[in-house]
Amino acid sequence: MSESTKRSTRLLRAGRNHTGWVNAPVSRASTYVFDTVQDWRDTRKRRETERLPSYGARGTDSTYALEDALVELEDGHRGFLFPTGQAAIAVTLLAFLKPGDHILLSDASYEPVRNFCKHQLADLGISHTFYPPDGNGIEALIQPNTKVLYVECPGTITYDMLDLPRISEIAKKSNLWVIADNTWGSGWLYQPLALGADVSITAITKYIGGHSDLMMGASVANERAWPALQKATYGFGQTVGADDAFMALRGVRSMPIRLHAHAASALLVAQWLESRSEIAHVFCPALPNDPGHALWKKHCHGTNGLISFELQKRYSQTQAEGVIDALALFGLGASWGGFESLVIPTDLAGTRVLTDWSQRGAVIRLHIGLEDIEDLIADLNQALNTLS
Ligand SMILES: *Cc1c(COP(=O)(O)O)cnc(C)c1O
């Protein structure tokens with residue numbers, strides 16, 4: 001493909017063997033057999049640096065095909081697959097941290113990652129400090145034993161933007177690894193590796209899977225980071241089955257167009273919510289008055305179906321929960337990125353440590369699915385009307 005070939009075209013061609021069938025076959029496999037002892041020895045010698053078939057856990061044609069598509073998406077060097085997004089995060093952090101080390105993470109990080117730092121990493125003698133979601137003042141928080149700067153941009157629930165090129169530069173001066181959770185952007189809307197990160201992690205469970213029928217995670221690394229990541233991935237015995245890899249690859253093909261449709265509806269819903277007197281604030285970096293809007297415009301290639309909104313303080317948590325229960329088309333459930341609309345209550349006051357959320361209104365998170373926009377707004381309208 002020529003240098004000028006567009007991203008969407010590249011993505012549609014990535015991971016295909018071009019032998020006739022459009023899609024790579026499903027290679028369910030554990031054992032690979034060799035013709036001679038010499039072949040076997042030769043592969044074992046070369047397999048740390050080359051992608052050669054040797055054993056199922058080290059990759060099959062199915063996982064290689066998906067890896068190729070993800071590396072194309074993220075513009076990375078190599079990628080590794082994990083049974084969940086959380087497993088990708090845990091193994092990636094353990095690839096770069098050892099007892100005595102310290103990690104910096106955003107106060108807007110996905111809650112299970114906060115818990116992993118608080119429990120599993122703390123048990124290993126690895127400490128952590130939260131930095132403000134906009135990344136301000138990060139320099140002062142770097143300690144002599146800090147090894148990883150963990151980024152989630154936009155942040156969870158509040159979708160805070162930070163200037164990744166700027167903070168990556170600060171991190172590189174102190175020899176830190178910059179590891180980004182890129183589930184929001186899923187490689188299409190945001191490309192952390194191009195902005196200075198060493199590893200970009202995605203919960204494939206979300207937009208890449210796209211149909212709420214698959215659990216998977218991936219870590220795509222630049223050339224500097226992949227040897228350590230490969231070692232940890234193999235050491236912790238991480239891989240995925242061929243059927244799941246096939247499903248994820250199927251999702252990749254239509255992701256750009258799905259994201260476009262999610263985003264178009266989410267923006268309309270966000271603007272409609274902003275017009276409602278019951279609502280104090282709408283969180284979405286694509287809104288012109290969002291504090292992260294300028295950075296979003298500079299670094300993101302669009303938005304997705306996620307928005308959160310804060311009710312006026314005069315409404316109680318019980319009333320907020322009443323709004324959620326009154327919604328008919330929004331399923332009450334974890335995760336997002338599937339074709340369907342979802343809603344969950346949030347607890348920012350109980351989670352965040354650097355900002356006091358206790359004096360703010362209840363915050364509700366929506367995932368805007370691919371249902372008709374008029375139906376979704378009618379549903380939100382009747383649910384918000386229960387407040388009066
Ligand atoms: C869902 C999610 C994960 C974890 O993915 P799972 O596949 O559910 O383990 C990680 N980070 C973010 C931002 C997520 O939304």
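1. Pro-154 sits in the loop that runs between strand S4 (146–152) and helix H6 (164–173). This is a predicted model. The peptide bond leading from Cys-153 into Pro-154 is cis, and its omega is near -5°.

2. Tyr-159 lies in the loop between S4 and H6. Its phi is positive, about 55°, although Tyr-159 is not a glycine.

3. The chain splits into domain 1 (7–251) and domain 2 (256–387). Their centres, taken over C-alpha atoms, are 28 Å apart. Contact involves 36 residues of domain 1 and 36 residues of domain 2.

4. How much area is buried between domain 1 and domain 2? The figure is about 3100 Å², and carbon and sulfur atoms give 64% of that area.

5. Now the helix pairs. Two packed helices are described by the angle between their axes and the distance between the axes. Helix H3 (residues 61–74) and helix H8 (residues 242–274) cross at roughly 30°, and their axes come within 8 Å. Angles under 35 degrees count as roughly parallel, so H3 and H8 are roughly parallel to each other. The crossing of H3 past H8 is left-handed.

6. Which residues of H3 and H8 meet? From H3 come Ser-62, Thr-63, Ala-65, Leu-66, Ala-69 and Leu-73. From H8 come Ala-242, Ala-245, Ala-248, Leu-249, Val-252 and Met-255. By class, this contact of H3 with H8 has ten nonpolar and two polar residues, with no charged residues.

7. Helix H4 (residues 85–96) packs on helix H7 (residues 226–235) at an angle of about 120°. The axes of H4 and H7 are 9 Å apart. H4 and H7 are therefore oblique to each other. H4 passes H7 in a crossing that is right-handed.

8. On the H4 side, the contact is made by Val-91, Thr-92, Ala-95 and Phe-96. H7 supplies Ala-228, Leu-229, Ala-232 and Thr-233. By class, the contact of H4 with H7 counts six nonpolar and two polar residues, and no charged residues.

Technical notes:
Residues are numbered from 1 along each chain as its sequence is written. This is a predicted model: local features need pLDDT of at least 70, side-chain atom pairs count only at pLDDT 80 or more; totals for chains, interfaces and linings use all residues. Side-chain values use heavy atoms; hydrogens and water are left out. Axes are lines fitted to C-alpha atoms, for helices over the stretch in contact, and angles run from 0 to 180 degrees between N-to-C directions. Helices (H or I, at least four residues) and strands (E, at least two) are DSSP runs, numbered from the N terminus. Angles under 35 degrees count as roughly parallel, over 145 as roughly antiparallel, 65 to 115 as roughly perpendicular and the rest as oblique. A crossing is left-handed if the near helix is turned anticlockwise from the far one by less than a right angle, and right-handed if clockwise. Contact means heavy atoms within 4.5 Å. Ala, Val, Leu, Ile, Met, Phe, Trp, Tyr, Cys and Pro count as nonpolar, Asp, Glu, Lys and Arg as charged, and the others, Gly among them, as polar. Domain bounds come from an automatic or database domain assignment. Buried area is the accessible area (1.4 Å probe) that two parts lose on being put together, summed over both.
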